[in-house]
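Let's take a walk through this protein chain, one region at a time. Have the structure open and follow along.

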Amino acid sequence: MAEASAAARLLVVDDDSRLRSFLAGELRCEGYEVREAEDGQSALMILREEPGDLVLLDWTLPDFSGVEICRRLRASGDVTPVMMLTCHDDVRDRVEALDSGADDYILKPFSIEELLARIRAHLRRTAYWRGVANSDVLSYADLTVNTGTREVKRGDQVISLSVREYDLLLCLLRGAGKVVERETILREVWGENHFGDENLLGVYIRYLRRKLEPEGLPTLIQTVRGVGFMLREGEPRP
């Protein structure tokens, strides 16, 4: 049985009925509650009516691409973790998927064991952050994070973050002023059984910097070469 709660609700979105049925069957055997959709419109309607805990989303669908679905979800404020299932293996494709709001990326064909491990890691991480979420407001310099509402602000400016960006920011914020090693970040944000490309950490650091450090304001995320990253005020960006 899955390590995450048996009540975890997963949505499988794929127009390949055989693959969709196979995945749904394997996930139900693991104790998950599974819903299925064969196209993007159906997936969006399901999530609008009843949000779930994680979405397995095929890149290529008959109506909307997985990238477009991610963009629509994030634009509507839906932060449900999304794992993109795809045959696209180009770096530009990975960047496009992540930029659209996807939280993970797994190439077809994949092993069911790896997929299940990644799902468990995502659900453990989501459960952890929900567990620590309360009405407390964490702050550093002019950055504030309300862990109850998940609202992030720099000064008076509200900043919209993806689920993974938010998790990464909290990891750095809880260790503000100290170096957080890369291995620690990968473990806390991506999970113990992370199988992905470690370079994705650098990608997400760039995402955060782009959102948190507009021109004219002091930088907040500093790189400690060969070790990791730390949250500390630096010189303003030119």
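## A word on pairing

Two strands count as paired if DSSP finds at least two bridges between them. With that in hand, take Val224, which stands opposite Gly228 in E12. Likewise, Gln222 stands opposite Met230 in E12.

The mean pLDDT of the protein chain is 85, with 89% of its residues at 70 or more. Confidence is highest in strand E1 (residues 9-13), at a mean of 95, and lowest in helix H5 (residues 112-132), at 75. Over residues 1-6 the pLDDT is below 50, and this stretch has 13 contacts in the model beyond near neighbours in sequence. Where pLDDT is low, the predicted coordinates should not be read in detail.

## The chain as a whole

The protein chain holds eight helices and 12 strands. Of its 238 residues, 50% count as buried. If you take the contacts with a separation of 6 or more, 55% of them come from residues 24 or more positions apart.

Ser42 sits in helix H2 (residues 40-49). Its relative accessibility is 27%, so Ser42 counts as partly exposed.

Strand E11 (residues 221-224) and strand E12 (residues 228-231) pair in the antiparallel sense over four bridges. Their hairpin has three residues between the strands, and there Gly226 takes a positive phi near 80°.

The pair belongs to an open sheet of three strands, ordered E10-E12-E11, with antiparallel pairing. Strand E10 (180-181) and E11 stand at the edges with a single partner strand each, so one side of each has no neighbour in the sheet.

## Two helices across the sheet

H6 lies across E10, E11 and E12, and runs at about 75° to E12. H8 lies across E11 and E12, at about 150° to E11.

How do the two helices sit relative to each other? The axes of helix H6 (residues 163-174) and helix H8 (residues 199-212) come within 10 Å and cross at roughly 85°. Angles of 65 to 115 degrees count as roughly perpendicular, and H6 and H8 therefore fall in that class. On the H6 side, the residues in the contact are Arg164, Glu165, Leu168, Leu169 and Leu172; they meet Leu201, Tyr204, Ile205, Tyr207, Leu208, Lys211 and Leu212 in H8. By type, the residues of this contact divide into nine nonpolar, no polar and three charged.

Most residues other than glycine have a negative phi, and most peptide bonds are trans. A few spots here go the other way. The peptide bond from Lys108 to Pro109 is cis, with omega near -5°. You'll find Pro109 in the loop between strand E5 (104-107) and H5.

Ala141 isn't a glycine, yet has a positive phi of about 55°. This alanine, Ala141, lies in the loop between strand E6 (137-140) and strand E7 (143-146), and counts as partly exposed at 46% relative accessibility. Arg150, also not a glycine, has a positive phi of about 65°. Look for Arg150 in the loop between E7 and strand E8 (151-154); with a relative accessible area of 32%, Arg150 is partly exposed.

Notes:
Residues numbered from 1 in each chain as written. Predicted model: local features only at pLDDT ≥ 70, side-chain atom pairs only at ≥ 80, totals over all residues. Heavy atoms only, no water. pLDDT = per-residue confidence, 0-100. Contact = heavy atoms within 4.5 Å. Buried < 20%, exposed > 50% of the residue type's maximum accessible area, 1.4 Å probe, protein only. Axes fitted to C-alpha atoms, helices over the stretch in contact; angles between N-to-C directions. Parallel < 35°, antiparallel > 145°, perpendicular 65-115°, else oblique. Nonpolar A, V, L, I, M, F, W, Y, C, P; charged D, E, K, R; others polar.
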